[in-house]
Amino acid sequence: MPTPTKGPRLGGGPAHERLILGNLAQALFEHGSIKTTEAKAKRLRPLAERLITKAKRGDLSARRQVLAVISRKDVVHTLFADIAPAMAERPGGYTRITKVAPRKGDNAPMAVIELVMETYSPKQATVKEAEAAAKHAAKDEPKDDAPVEDEATDAVEDEATEDAAEAPVQFAGAVRTDEAGTDAPDDDHQIKGNEDSMKYHVPGSQWYDATVAEVWFGTAEEAEAAGFEPAGGADAQKVSEED
């Protein structure tokens, strides 16, 4: 008996499941991002990342292994010629899953899975790892007995730091709602900002109605100044300006 896979079974059988995941991976590499159910997105992520890893090898054997999953040669060419070189420096985490509003009708949980095409800096990653290691080492060092007053002061400072860490980030020109949702707080702030993906959506663009937003902006310039990027690229977020 074959060992069942982790997570829900997709389709009517193993062969059907492989075809479903292969078609989803093909659409992901062709369009850069797709919207599907949360269960399918979670099952697609490991397959898509394995295919990208093989594409980064770039040899004939890897290309044949990818063609066994993806039937369209033009999509395989895009994967090897465009996507893999863009992720050459990235050690992993090639995809990102963002939860969106449930599907109308059956209320199925939906998600958007997309390729992480942002520029990766190995130097910044090394600095972050070194800072984390130094912080961990500082916590492990034995502390000498300190006076009671110093301990009380440290406790107050720690509580203040924790409160500051738990407080939500405030963005200039943005309105934050108490709970994440899909309805704008007022007419002046219609642009949705999703903190999980750091993407913004303008009215009328793809996935605008389904995107759950924690912060709302008045203009795209304010969203970009706060560090948010246009979902799907700048061209995909020009719908409202043309309307």
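View 1. The model is predicted; local features require pLDDT of at least 70, side-chain atom pairs count only at pLDDT 80 or more, and totals for chains, interfaces and linings use all residues. A pocket is an open set of points on a 1 Å grid over the protein atoms alone, where a 1.4 Å probe fits, with protein on both sides within 12 Å along at least five of seven lines. The lining comprises 15 residues, a lining residue having an atom within 4 Å of a point. Glu 114, Leu 115, Lys 199, Gly 232 and Gly 233 lie nearest the pocket centre. Strands E3 (110-115) and E8 (229-230) each supply at least two lining residues; strands are DSSP runs of at least two residues, and helices of at least four.

**View 2. Helices H2 (residues 38-57) and H4 (residues 73-86) pack at an angle of about 95 degrees, with their axes 9 Å apart.** The two helices are therefore roughly perpendicular, a term covering 65 to 115 degrees. Leu 51, Ile 52, Lys 54, Ala 55 and Lys 56 of H2 meet Leu 79, Phe 80 and Ala 84 of H4, where contact means heavy atoms within 4.5 Å. The residues of this contact divide into 6 nonpolar, no polar and 2 charged.

**View 3. Asn 107 has a positive phi of about 60 degrees although it is not a glycine.** Asn 107 is found in the loop between strand E2 (95-100) and E3. Asn 107 is exposed, with a relative accessible area of 55% (exposed: over 50%, 1.4 Å probe, protein chains only). Residues are numbered from 1 along each chain as its sequence is written, and side-chain values use heavy atoms, with hydrogens and water left out.

Methods: Axes are lines fitted to C-alpha atoms, for helices over the stretch in contact, and angles run from 0 to 180 degrees between N-to-C directions. Angles under 35 degrees count as roughly parallel, over 145 as roughly antiparallel, 65 to 115 as roughly perpendicular and the rest as oblique. Ala, Val, Leu, Ile, Met, Phe, Trp, Tyr, Cys and Pro count as nonpolar, Asp, Glu, Lys and Arg as charged, and the others, Gly among them, as polar. Buried means under 20% relative accessible area, exposed over 50%, partly exposed in between (1.4 Å probe, protein chains only).
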